[in-house]
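Dear colleague,

I am handing over the structure below, and after it you will find my notes on it. Please read them with the structure open beside you.

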Amino acid sequence: MLLVIVRLPWAGDLGVHAATLQRLRHNLLDPGNPLVDADTPSPYYSPWMVLLGCVARMTDLSVFWVLRIGAFVGLGLLVTGVWRYVRTLSGRGAAPAVALLSLLFLWGTVLFTWSGFYGLNSLALTVSYPSVFTLGLAFHLWAWLGRAVREDGGWGVWLGLGALWAVILLCHQFTGVVASLGAVATVVAARPGRAVWGRLGCGVVLGFVLLLVWPYYDFFALVGGWGGLESVHRPLYEDLFGRYWLVLLGVVALGVRWWRDRWDPLVLFFVLGVVVVAVGGVSGQYAWGRVLPAVLIPAQVAVAVEVGEAGRRVVRVGWGCVLGVALVVGAWAQVGTVGYVVRPGDVPGALSGVVAEKYREPWAGYQWMTRWVAYGDVVMAREGRPSAQIPAYGAYTVAPGYPDFFLPDEGRREEAVRRYFGVGVSEGERGVILREYGVRWVMDTGVAGRPGVGLGLGLREVGRGPGGQVLYEVVR
């Protein structure tokens with residue numbers, strides 16, 4: 001993973017996080033929309049990204065190197081958080097290490113990559129995202145909370161926990177829900193006295209106050225807008241068995257733990273996660289599929305703990321053998337991750353073909369266009385990958401590459417892009433669109449016959465990049 005951080009393979013949401021740092025570097029207090037030229041708030045301006053924005057402002061490092069720093073910190077928090085949390089569940093010295101392996105490899109045999117999901121392949125592509133940093137904080141929250149409940153922590157401890165909970169929710173809202181479910185399970189399982197409930201309540205109140213006063217976006221308005229994300233998150237409910245069937249071993253471990261203790265925190269955590277995910281699937285609120293880690297984490301940790309805690313030695317050995325086989329199967333399914341630090345063709349023997357087959361080629365990026373396109377310029381680019389990548393280099397696009405709840409004219413902008421690149425659209429209409437959004441550049445592929453671009457439409461070709469990308473300057 002440290003080598004992956006150096007490589008920082010570009011895929012998914014990396015562009016929006018780089019764009020967020022670009023805006024914070026130029027205007028820390030009022031950065032505006034990170035993707036389009038509009039003065040709107042954005043949930044991407046989280047406490048963690050604001051801190052990284054300060055690093056970007058105070059140094060000459062590129063935003064990608066700042067993201068590498070963030071990835072290193074996030075990875076460190078995740079590893080140490082898992083270590084601390086598992087130590088609250090088991091006194092066995094090997095339990096934290098086995099839990100880390102389970103969290104990385106105990107998934108399924110169908111590769112799955114999504115922000116907030118921490119299988120090795122997914123982690124390699126999202127390690128610089130706020131979701132990894134936030135998940136690390138969540139593990140530390142559970143460990144700290146479990147100790148506070150057992151040892152009757154003082155007022156300062158509970159207020160600190162409330163502040164940490166708010167930071168987690170502000171940094172990555174879906175991981176914040178996972179963290180909240182784990183916290184509820186930890187407290188309920190401990191069955192604390194009245195004094196603890198009072199201090200816990202004060203911590204929760206402090207957390208709500210911090211959520212309310214965060215200046216960069218309205219947290220509670222954002223939560224109310226999750227209903228518009230169903231189409232994006234519907235794939236989370238597809239092929240569940242192929243993606244997660246190895247986790248069934250953890251479900252068996254949870255059953256054993258429930259038989260021993262009806263108030264086991266991992267069992268309660270798992271049940272809460274299942275309820276939320278199931279309600280989301282039944283009701284069509286597919287965004288709640290992002291809470292799936294609340295189902296996976298307790299199962300993966302449970303089987304790791306059970307290897308050392310399961311009574312007689314022969315039972316522990318049995319658990320260890322079965323888990324070992326499952327981890328090997330899970331690691332083999334994710335072996336393509338090796339390709340992010342070693343070229344697939346350089347892997348020796350038969351393994352080379354397997355790595356190449358499972359390897360996902362990272363995106364090329366648009367660094368080449370910065371020779372002409374300045375910070376703050378508006379670029380007309382097609383929906384999808386171009387709009388998701390170009391803002392990382394400081395420019396804006398006409399339509400955002402990602403759903404934006406706080407952008408009131410998002411639909412109008414998307415329609416404008418579709419019209420501009422549409423077939424049979426007049427040169428005059430294209431010109432109106434370019435003027436309305438202050439477009440200085442047009443990005444498209446140079447494939448013959450592709451509509452919307454050409455020297456006869458008031459555009460002048462100025463440069464070419466990888467994959468047939470062509471940059472045109474708007475000359476009138």
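The charged end of Arg-68 sits over the ring of Trp-65, at 4.3 Å from the ring centre, where sitting over a ring asks that NZ of Lys or CZ of Arg be within 6 Å of the ring centre and within 35 degrees of the ring normal. Arg-430 is placed likewise over the ring of Tyr-420, with its charged end 5.8 Å from the centre.

Please bear in mind that this is a predicted model, in which local features need pLDDT of at least 70 and side-chain atom pairs count only at pLDDT 80 or more, while totals for chains, interfaces and linings use all residues. Residues are numbered from 1 along each chain as its sequence is written, and side-chain values use heavy atoms, with hydrogens and water left out.

The structure holds 25 aromatic pairs, meaning rings of Phe, Tyr and Trp (its six-membered ring) with centres within 6.5 Å, called stacked if the planes are under 30 degrees apart, edge-to-face if over 60 and tilted otherwise. One of them is the tilted pair of Trp-10 and Tyr-393, 5.7 Å centre to centre with 35 degrees between the planes. Trp-10 is buried at 7% relative accessible area, as is Tyr-393 at 13% (buried is under 20%, exposed over 50%, partly exposed in between, with a 1.4 Å probe and protein chains only). Ring pairs also link Trp-107, Phe-112, Trp-114, Phe-117, Tyr-118 and Tyr-244 into a cluster.

Finally, the count of disulfides (cysteine sulfur atoms within 2.5 Å) is zero; the sulfur of Cys-54 is too far for a bond, because the closest cysteine sulfur, in Cys-171, is 13 Å away.
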